[in-house]
Structures are given as structure tokens and as C-alpha cells.
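Me: I'm new to protein structures and would like to learn how to read one. Could you walk me through it?

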Amino acid sequence: ALAFSTKSEIGIDIERIDPKFDFDMIADTNFSKAENHFLHAKKLESRNRFFTLWTRKEAFLKAVGIGIGENIGIEVFRSVNHFREEIPLPGIQGGDFYLKTFLYQNQYLITSASSNASEVFCQLVDL
């Protein structure tokens with residue numbers, strides 16, 4: 001997945017929804033209490049919800065230019081399309097971000113993040 005912009009900070013992430021991946025330990029140790037509640041509120045949707053949260057974290061952190069390592073705790077579950085981090089990240093100017101998550105070919109979740117609402121889209125091309 002590639003993302004380009006001349007108007008805003010952007011990031012993108014794509015993850016294959018792996019039916020065998022054990023996400024519970026990652027979620028338990030790195031996601032907030034509210035995110036874990038969201039994750040497990042609908043058991044049949046928990047796998048997709050995990051990958052939705054994960055791609056949103058990754059896309060946002062790529063947009064602001066920092067890694068996921070110590071920043072995995074950034075809470076993104078409340079955002080539908082509009083997001084403002086509640087705890088400012090070191091060296092990052094606070095501001096609005098817009099996130100869009102969608103399913104691709106029934107096995108990939110993709111999220112794009114942008115500081116400009118009109119640029120939250122993604123063009124997919126099969127190569």
C-alpha cells in the first residue's frame with residue numbers, strides 16, 4: 001500500500017486478517033481498557049476489530065512520523081472518521097486526523113490517515 005500527498009501529513013497501513021493469529025496477548029498488554037472492551041464486545045467481530053485498531057494505530061503513527069513501538073498505547077477506537085489524540089505525543093503538534101478503514105478482498109484491512117479530511121481515501125490497484 002502506498003500513500004502520496006502534497007497537502008497533508010498522511011499514513012497508510014495494510015494487514016492481512018490472519019485467522020490463526022493469536023491477538024489476545026498483544027491486545028491485553030498494549031491496548032487500553034476501553035479498546036479491549038470494544039475488541040471483545042462482539043466476539044464474532046473481535047478479529048476484525050483487532051486489525052482495525054492495529055491498522056489505525058499504524059496509519060496514524062506513520063502520518064505523524066513515529067514508530068509504533070512505545071506508542072502502541074495511542075487510543076484510536078473512538079474514531080469513526082475523525083480523530084484527535086487525547087494524550088499528545090512527544091514532538092508532535094496536536095491536531096485533527098481523519099482515518100478511513102476498509103476491507104479489501106475479504107482478507108485485508110487497510111487504513112489511511114490524513115491531517116486533511118479531503119485526502120482520506122485510497123486507490124487500490126492489483127499488480
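Me: Which residues of helix α2 are buried?

Reply: Keep in mind that this is a predicted model. In helix α2, which covers residues 33–40, the buried residues are E35, N36 and L39.

Me: Why do the buried residues of α2 line one face of the helix?

Reply: Start with the general idea. An α-helix has 3.6 residues a turn, so residues three or four places apart point the same way. Now the case here: looking down the axis of α2, you find its buried residues within an arc of 100 degrees, so they line one face. On the other side of α2, K33 and H37 are exposed.

Me: What do the buried residues of α2 pack against?

Reply: They pack against α1 (24–30) and α3 (46–63).

Me: How many aromatic pairs does the structure hold?

Reply: There are seven aromatic pairs. To read one, look at the distance between ring centres and the angle between planes. For F31 and F50, the centres are 5.5 Å apart and the planes are at 15 degrees; planes under 30 degrees apart count as stacked, so this pair is stacked. The pair links distant parts of the chain, with F31 in the loop between α1 and α2 and F50 in helix α3, 19 residues apart.

Me: And how are F50 and F51 arranged, stacked or edge-to-face?

Reply: Edge-to-face: their centres are 5.2 Å apart, with 85 degrees between the planes. F50 counts as buried because its relative accessibility is 2%, and F51 counts as buried at 5%.

Me: Which residue lies over the face of F31?

Reply: That is K57, at 4.7 Å from the ring centre. Likewise, R49 lies over the face of F38, at 4.3 Å from the ring centre.

Key. Residues are numbered from 1 along each chain as its sequence is written. This is a predicted model: local features need pLDDT of at least 70, side-chain atom pairs count only at pLDDT 80 or more; totals for chains, interfaces and linings use all residues. Side-chain values use heavy atoms; hydrogens and water are left out. Buried means under 20% relative accessible area, exposed over 50%, partly exposed in between (1.4 Å probe, protein chains only). Helices (H or I, at least four residues) and strands (E, at least two) are DSSP runs, numbered from the N terminus. The arc is that of the directions from the helix axis to the C-beta atoms. Contact means heavy atoms within 4.5 Å. Rings of Phe, Tyr and Trp (its six-membered ring) pair if their centres lie within 6.5 Å; planes under 30 degrees apart count as stacked, over 60 as edge-to-face and the rest as tilted. A charge sits over a ring if NZ of Lys or CZ of Arg is within 6 Å of the ring centre and within 35 degrees of the ring normal.
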